[in-house]
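This report describes how two parts of one protein chain meet. Look at the structure first, then read on.

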Amino acid sequence: MPSRTINILGATGSVGQCAADVVAKNPDRFSVQTVTAHGNTRKLAETAIRLKARKAVLCDRKEEAILRELLKGTEIEIGIGPDSLLESSCSAVDVTLAAIAGLAGLDSVLNALRHSRVVAIANKEPLVAAGPLVMQTARQSGCTLLPVDSEHNAIFQVLDTKNLQSVENLILTASGGPFLNREISELEHVTPAQAVAHPNWSMGAKISVDSATMMNKALEIIEAHYLFDMPGEKIKVLIHPQSVVHSMVEYTDGSVLAQMGASDMRTPLSHALAWPERLPTPGQKLTLNTMKHLTFSEPDPVRFPALKLAYVCLENGPEACIALNAANEAAVEAFLAEKISFYDIVGTVEYIVTQALGSETPMASNSLDDIKKIDGRIRALTQDYISKNPRRRTVAG
Ligand code: NAD
Ligand code: MG
């Protein structure tokens, strides 16, 4: 594989650092142009030096002097502020890895789709809240959009795209998170630290909380709908606590094709960054002979009400999906700031989405402006609701 130029957006995060490992393991295959981060200046500087990046972009202006000090004596160019991120995401590179957390990554994803040859997308929130716009932008520019999220990367690897009419179901697997077997009545007292400690995967705070509430799988149902153009009723979820089978495609002839691997994002990243070739991964390898059992079960709708919300939102269209994502981002932020209980996260999202579905506002067009307006309105509604109802709900009440 000839060397590819690459931008890593969100390079200091959990996915960004896994990508840095893949790139560092294969130094002849990648020429790193830009690495970006919101904060965590020290890690940004370390990563830029480790990967011999041409440029490091820091969105938080307050730390500019620290970054300049850390990169003194190197030839690494420095960019500061959100505009610098937007400018870098417009560069004509072979591959952009979109690994920013949340809908904050939307503008840079759209820019990258217009200017990169390939976009490897981990950042799922733009697909959930702006799926039609993201997919249309990729189609119009001819950019190849490759999924990094482990479930969607798994489906991409086993989906027979020439035979889509023979697909019976996409089956997303879910580990069940840290509270799969916890009494529901205990969930009210879960702390942010407990919610962030995932049994199988090491991830950023927001997605770890999403995994614990199963909202992550709800977002992934919508992500799969847009990425693979599949109706909600053909996207199923199975609880698979071992996280070995990352997802499956069931065909009409009864065949079920699965992709397996260790619970290590460096495998889907190695795949997406090298596609259609394959690279040696620095990650763990699967040792099937040490595994006693692989289990699959239906998710409990009482324990995980978030899943139903995904199907309701898909039925109601893109505006409902924007609302789901915005309410969830605001509710998770409030939980991490200890303003609401763990148990309140999904309850808050459910309430706000139901209100949004019942409102008289017109459905969203496919424009970026409309998406941002709706997103902003729903975040404000959620914050307002939370401030009026702090830690309000007990399990009994
Ligand atoms: P993280 O919180 O560990 O890292 C986020 C990165 O984005 C950091 O580099 C941070 O500086 C940057 N960032 C955050 N806010 C920003 C802003 N406003 N502007 C610019 N940069 C900003 O998150 P993560 O766990 O690496 O997840 C990143 C994305 O990938 C998320 O959308 C997540 O859902 C998705 N994802 C993550 C995993 C995983 O294993 N962590 C797996 C699948 C999908
Ligand atoms: Mg996933």
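## Terms and model

A polar contact is a pair of N or O atoms within 3.5 Å; within protein, one atom must be able to donate a hydrogen and the other to accept it. Residues adjacent in sequence count only if both atoms are side-chain atoms. The model discussed here is predicted.

## Domains

The protein chain is divided into domain 1 (4-147), domain 2 (152-176 + 214-290) and domain 3 (306-388).

## The interface in numbers

On the domain 1 side, 12 residues are in contact with 12 residues of domain 3. About 940 Å² of area is buried between domain 1 and domain 3, and carbon and sulfur atoms give 62% of that area.

## Salt bridge and polar contacts

How many salt bridges does the rule find across the interface of domain 1 and domain 3? It finds one. A salt bridge also joins the side chains of aspartate 107 and lysine 372, with a distance of 2.8 Å from N to O.

Two residue pairs are in polar contact across the interface of domain 1 and domain 3, both at pLDDT 80 or more.

## The side of domain 1

Helix H5 (106-115) and helix H6 (125-141) each supply at least two residues of the side of domain 1 that touches domain 3. The largest share of this side, seven residues, comes from H6. By type, the residues of the side of domain 1 that touches domain 3 are eight nonpolar, two polar and two charged.

Technical notes
Residues numbered from 1 in each chain as written. Chains lettered and ligands numbered in written order. Predicted model: local features only at pLDDT ≥ 70, side-chain atom pairs only at ≥ 80, totals over all residues. Heavy atoms only, no water. Domains from an automatic or database assignment. Contact = heavy atoms within 4.5 Å. Buried area = accessible area lost by both parts, 1.4 Å probe. Salt bridge = Lys/Arg side-chain N within 4 Å of Asp/Glu carboxyl O. Helix = DSSP H or I, 4+ residues; strand = E, 2+ residues; numbered from the N terminus. Nonpolar A, V, L, I, M, F, W, Y, C, P; charged D, E, K, R; others polar.
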